[in-house]
Amino acid sequence: MDAQSARPEDHDHYARLRAAQAESVLGNIALTLASNIFVALTTAGIIWSSTNGASILSWLAFVISLSAARFMVLERIMRLGLHQTRPDAVLKFLTVAALVSGVSWTPLPLLFAASDGDYIVFVMAGTATGAIIQSLPYWRSAIAFGAPVMGATLLSMLIESSTVSNYLLALNVALLTLMLFRASVLSERAFVRSQNVAMRTTQLAQSLAVANTEINESSHRLERLANTDVLTGLANRAVFNRRMEALFYQGGRERREIALLLIDLDKFKTINDTRGHHAGDTVLKAAATRLAALCASGDLPIRLGGDEFAVILSGRSAAARADDLARRFIDAAAEPVSFGGTEIPIGASIGIACAPDHAADEDELYACADLALYCAKIEGRRRLKLFDSGLKGQLDYQRAIDRDLGAALAQGGLDVHFQPQIDMTCGRVTGFEALVRWWHPDIGAISPPDIVSAATKLQLSERLTAYVAECACRFIRTLDRAGHADAIVSVNMSPSEFDLYSPALTLGELARRHGINPNRIEVEITEEAILDPQKVEAAFFELRRAGFRLAVDDFGMGHSSLAHLISLKIDRLKVDRHFVTGISASAHNQALVAALVSVSRSLDMELVVEGVETTADAETLRALGCRIGQGWLYGKAMPEAEVLTWLNRHHSRARAVA
Ligand code: C2E
Ligand code: CA
Ligand code: CA
C-alpha cells in the first residue's frame, strides 16, 4: 500500500499522510547532508592527494554548495511549514533535489575511478545506502538520489576493467542496489501502514472524545429538563424533594438550620378563570422572576405546581433570612403584572416553618409550613404566618383525624346524633337531622366540619355518607316502632361528593336493605352546591326520581339565584342560623326572614329555620309565618337511645301546654 492507495477518497487523510512523510524525510535530511559533505571532503582529499588535479576541488565545491543550498531551502520549507500545508509539492521538490544531488555524485566514479577505483566504489555504495536509509518514508527521493549514484558506479566498474572478478563485483553491487531499492519501497509501505494506524487511532480517539462530549451535553440537557419547571424555569418538585431529603440527612448529623417558605398566589384561580390561561401563565412567570431575584445564592426557589411556590433556606440564621425574604416577596408580589395592555393585581400569602424547631423530618416540615400557609390565607390576603406551637396542636389534631378516620368508619367508631325538627305551630315532631359525632380516644371531640373535610381529602366521603345514612335508616326503623312513622330524617351531603359517586344509588341501596320508603329520607346540600347547577342537576334529578326529598342547607349565606332553586325543584329551604338566632331583637333579620317566607311560599317550598334557641325567637319566627323549627330550644342533637326519652318528655310537655 502506498500513499495514493491509502483511502484516496479521504483527501484529508491522504494529505496528512503525505505531510507525515515529508516531515520525516525533512527531519533526517540535515544529517544526510552533513554526512554527504563529510564524505565529499574526505573523498576529495584522498583523490586530490593521489591526482593533485584541480577538477576534484571543483567537484567538491559544487557538491558542498549544492548541499548548502539544499539545506537552506529545506530549512525555509520547515520554517514556513510548507511540508504541512503543501506536502505533495515538498515531496516532489525533495525528489528533484535528491536527484540533482545524486547526479552531482556521478562524476566521482566516472572521472576518478582510475586513481582510487575500489575506494570510490565503497564510498559511492556507502553514500547511496546512507541516503536511502535516511529517507525510508519516501522511496522516490531515496531512489532519486541512489539511482544516479549507483548507476554511475556500476557504469564506471564496467568501463574500468573487463575482468571476470570485476564483472562479478559489479553484479554484486547491482544486486545490492536492487535490494536497497526494494527495501526502500517496502519501508515506505511499512511507514504508510504505521501512519495509517496512528491516524485512525487518533481519529477514533477524537471521535470518541466528541461522542463523549455530546453524551455529556445531552445528559446535562435531560437532567436540566427533568429538574426544571418548564413555564417558569425554576427548579421543580423533584428537586424540592431531593433537596429536602438531603438537608435532613445532613441536618440530622450537623443540626443544620433549615427554613421552608411555602407561597400561594392570592386569587390565582380567578385570574386563570376570568382572564384566561395566557394571563395565568404571565402571572406565574412574573412571580417566579420576582421570587428568584430576591433569593440569595444558597437559597433554592421552586415551583411546586399550580400557583404554589417554595423556597428552601439552610444554614446560619435561616429562619430570620426566611422571614425577611417572605416580607420582601409579599411586597414585590403586590406589584400588578402587565398583560395585554392591562394590569393584573396579584398578591401572595406565605407560610414558614423551620427545622429543627418545628419539625424533625422533611414531611413534618412541609406539613408545618403548609398549615402556616393555610392560616395565612384564612387571615386574609398578602399575609405571612410563621408556624408556632399553637399551630402544632392543630397539626397533631389534623393528623390524628387523617390517620384514624378510615379505621373509625370501618370499625363503627363514629356516632350519629339526631336533632329534632318541630312544627312550631303545634309542637309536633316532624323529623330529625342526622349529625355525625366522633370522640377520638386521644384528642376528644372532633368537630363535624373537620370530619367532613378530612373525608373529602381522603376520598372517604361516600363511606362517611353511607355510614351516617345507615344509622339514619336504623333510626327510622326505631321511630317507626315508637309510632312516628311519618317523621323524616335529614342526611347532610357535601357538594364535592357528587363528582365521586352516585348518591342516589348509594342511598337507594341502603333504603332498600332497611325496607324504608325513600321519602322518609331528606338530603341536605349546602347552598354553595347549587351555585353550579349543571354539576348538581343530574344528581338532584336522580335523587328525586329515586324518591328522596331535597333540601338546601344554610340558605342565605351564599348567592344562589331563585331561578336555580326553581329549576332544581327543591322541597325545603333551611334558613341559616345566623339569621335566626336572636331574631326577636333584630329588625333586619326579621325583614329578611319575612322575605324568605314569602319567596318559599311562592316557590312552593317549605321553610325550616335553624338555630332556634329561645322562646322569644320562636315566637317571632312563628309570627313571621315560619312553621318548622330546629334548635337548642327544642333539643340538641342526641344519641338514638336518648331520643326516645326525649320524645316521651316532649310529648308530655306538648300535651301539658295544649
Ligand atoms: P348544619 O347542617 O347546618 O348542622 C347544624 C349545625 O348547627 C349542627 O352543628 C348543630 O349541632 C348546630 N345547631 C343546631 N341547633 C343549634 C342552635 O340552636 N344553636 C347553635 N349555635 N347551633 C345549633 P354540628 O353538628 O357541629 O355540625 C356542623 C356542620 O357539620 C353541619 O352544619 C353540617 O354542615 C356538617 N355536618 C354534620 N354532620 C354531617 C354529616 O353527617 N355529613 C355531612 N356532609 N356534613 C355534616
Ligand atoms: Ca344540615
Ligand atoms: Ca345548616
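This is a predicted model: local features need pLDDT of at least 70, side-chain atom pairs count only at pLDDT 80 or more; totals for chains, interfaces and linings use all residues.
Colleague: What distance separates the centres of domain 1 and domain 3?
Modeller: The domain assignment, which is automatic or from a database, gives domain 1 (3–205), domain 2 (237–387) and domain 3 (413–652). Taken over C-alpha atoms, the centres of domain 1 and domain 3 are separated by 117 Å.

Colleague: Which polar side chain lies 2.8 Å from a nitrogen atom of ligand 1?
Modeller: Ligand 1 is surrounded by 21 residues, each with a heavy atom within 4 Å of the molecule. The closest are Gln 419, Arg 437, Asp 553, Arg 577 and Glu 613. A polar contact is a pair of N or O atoms within 3.5 Å; within protein, one must be able to donate a hydrogen and the other to accept it, and residues adjacent in sequence count only if both atoms are side-chain atoms. The side chain at 2.8 Å from the ligand nitrogen belongs to Gln 419.

Colleague: What percentage of the area that ligand 1 exposes alone is buried by the protein?
Modeller: Oxygen atoms of ligand 1 lie 3.1 Å from a polar side-chain atom of Asn 492 and 3.0 Å from a polar backbone atom of Trp 632. Taken alone, ligand 1 exposes 790 Å², by the Shrake-Rupley method with a 1.4 Å probe. The share of this area that the protein buries is 84%.

Colleague: Which element gives the largest share of the shell around ligand 1?
Modeller: The shell divides into nine nonpolar, five polar and seven charged residues, where Ala, Val, Leu, Ile, Met, Phe, Trp, Tyr, Cys and Pro count as nonpolar, Asp, Glu, Lys and Arg as charged, and the others, Gly among them, as polar. Helices (H or I, at least four residues) and strands (E, at least two) are DSSP runs numbered from the N terminus. Two or more shell residues come from each of helix 14 (448–457), strand 11 (488–493), strand 13 (549–555) and strand 9 (429–440). The largest share, four residues, comes from strand 9.

Colleague: Which residue bridges the calcium ion (ligand 2) and the calcium ion (ligand 3)?
Modeller: Donors are N, O and S atoms within 2.8 Å of the metal (3.2 Å for Na, K and Ca), and sites may look incomplete because water is not among the atoms. Ligand 3 is coordinated at 2.1 to 2.7 Å by Asp 553 (OD), Asp 554 (OD), Glu 610 (OE) and Glu 610 (OE). The two ions lie 4.0 Å apart, bridged by Asp 553.

Colleague: How many residues apart are Asp 553 and Glu 610?
Modeller: The donor residues of the calcium ion (ligand 3) are spaced D-D-x55-E in sequence. This pair links distant parts of the chain, Asp 553 in strand 13 and Glu 610 in strand 15 (residues 606–610), and their separation is 57 residues.

Colleague: Is Glu 610 buried or exposed?
Modeller: Buried means under 20% relative accessible area, exposed over 50%, and partly exposed in between (1.4 Å probe, protein chains only). Glu 610 has a relative accessibility of 12%, so it counts as buried.

Notes:
Residues are numbered from 1 along each chain as its sequence is written. Chains are lettered from A and ligands numbered from 1 in the order in which they are written. Side-chain values use heavy atoms; hydrogens and water are left out.
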